[in-house]
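Please keep the structure in view while reading.

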Amino acid sequence: METCVLIPQEFSLVLAPPDTRFPKRRGPEVNVNVWTNAKIPQGTLIYPFQGTIRLDKLEVYSYLDDNDIRHRFGCYDEITEVDRRRVRHCNWVRFLRTTTTYSAEVNIIGTKVKGEPIYEAVKTIPAHSELVVYYLPERPEEVFFMPAVHYLRHSLYRRTMDTILEDSPLDLSMSLLSRALITSTASSPPGGHDTDERKSLSGESSGAST
């Protein structure tokens, strides 16, 4: 599917083979994650609607679940029909890998400042590294009013994205997809070796690009 992604220049998307252990109802889809192009210093703040519009074709056709936490932290994801073809418009948050535990692999956190989502690098992130986000707990009142707030935020995100698409041309200076290749992420062995394998792949990708 033709996919327009609003993404910071320091980031790109990386494809991995579909995980056939957990097939989608419409068949397994390719896994897409956000990786760094350059070193991100500790303390760097990143905003959901920061970056430029980049375009590519991604074999991703589904939406996130309605209760996916990324919806509450700045995720925008819309699929429309243009000239009888489906086109996705989204931001980089759509493809973030999340975790429910604060472990050593976490390198950014998602939080809210005065109700607005923001992301912060909790450590210096080397180039060619996958972003893994841990979301700080939300306030009880935010969870209580979640349905109404979600609707209002989605409307605001849509207007914001429409404005960016109208005012900003496609960024043809950079590719949406990184040249870093991951061939075995989906088949990582159990028992906690996944993190080490990701680090190894990251190192190989970094070496290949120099």
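How much accessible surface does the protein chain have, and what share of it belongs to carbon and sulfur atoms? The accessible surface comes to about 11900 Å², with 55% belonging to carbon and sulfur atoms; areas come from the Shrake-Rupley method with a 1.4 Å probe, and for residues only the protein chains shown count as cover. The model is predicted, and local features need pLDDT of at least 70, side-chain atom pairs count only at pLDDT 80 or more, while totals for chains, interfaces and linings use all residues. Residues are numbered from 1 along each chain as its sequence is written, and side-chain values use heavy atoms, with hydrogens and water left out.

The protein chain has three helices and eleven strands, taken as DSSP runs numbered from the N terminus (helices H or I, at least four residues; strands E, at least two). From the N terminus on, the order of elements is β-β-β-β-β-β-β-β-β-β-β-α-α-α. Of the 210 residues, 43% count as buried (buried means under 20% relative accessible area, exposed over 50%, partly exposed in between, with a 1.4 Å probe and protein chains only). Among contacts between residues at least 6 apart in sequence, 73% join residues at least 24 apart, a contact being heavy atoms within 4.5 Å.

Four strands form an open sheet in the order β5-β1-β7-β6, with mixed pairing. Its edge strands are β5 (52-57) and β6 (77-82), each of which pairs on one side only; strands pair if DSSP finds at least two bridges between them. Within this sheet, β1 (residues 2-7) and β7 (residues 85-91) are parallel and share five bridges, and glutamate 2 stands opposite valine 87 in β7.

Strand β11 (residues 132-135) provides another point of entry. Val132 and Tyr134 point one way from β11, Val133 and Tyr135 point the other way, and all are buried. Three bridges join β11 to the parallel strand β8 (residues 97-99), where threonine 99 stands opposite tyrosine 134. Strand β9 (residues 108-113) also runs parallel to β11, over three bridges, and isoleucine 109 stands opposite tyrosine 134. Strands β9 and β10 are antiparallel and joined by six bridges. In their hairpin, which has two residues between the strands, lysine 114 takes a positive phi near 55 degrees. Strand β10 (residues 116-121) pairs in the antiparallel sense with β4 (residues 45-46) over two bridges, with tyrosine 119 as the bridge partner of isoleucine 46.

Counting a side-chain nitrogen of Lys or Arg within 4 Å of a carboxyl oxygen of Asp or Glu as a salt bridge, the total is seven. Arginine 88 forms a salt bridge with aspartate 77, the closest N and O atoms being 2.6 Å apart. Because arginine 88 lies in β7 and aspartate 77 in β6, this pair ties together parts that are eleven residues apart in sequence. Arginine 88 is buried at 1% relative accessible area, and aspartate 77 is buried at 9%. Glutamate 130 forms a salt bridge with arginine 97, at 2.9 Å between the closest N and O atoms. Glutamate 130 lies in the loop between β10 and β11 and arginine 97 in β8, so the pair ties together parts that are 33 residues apart in sequence.
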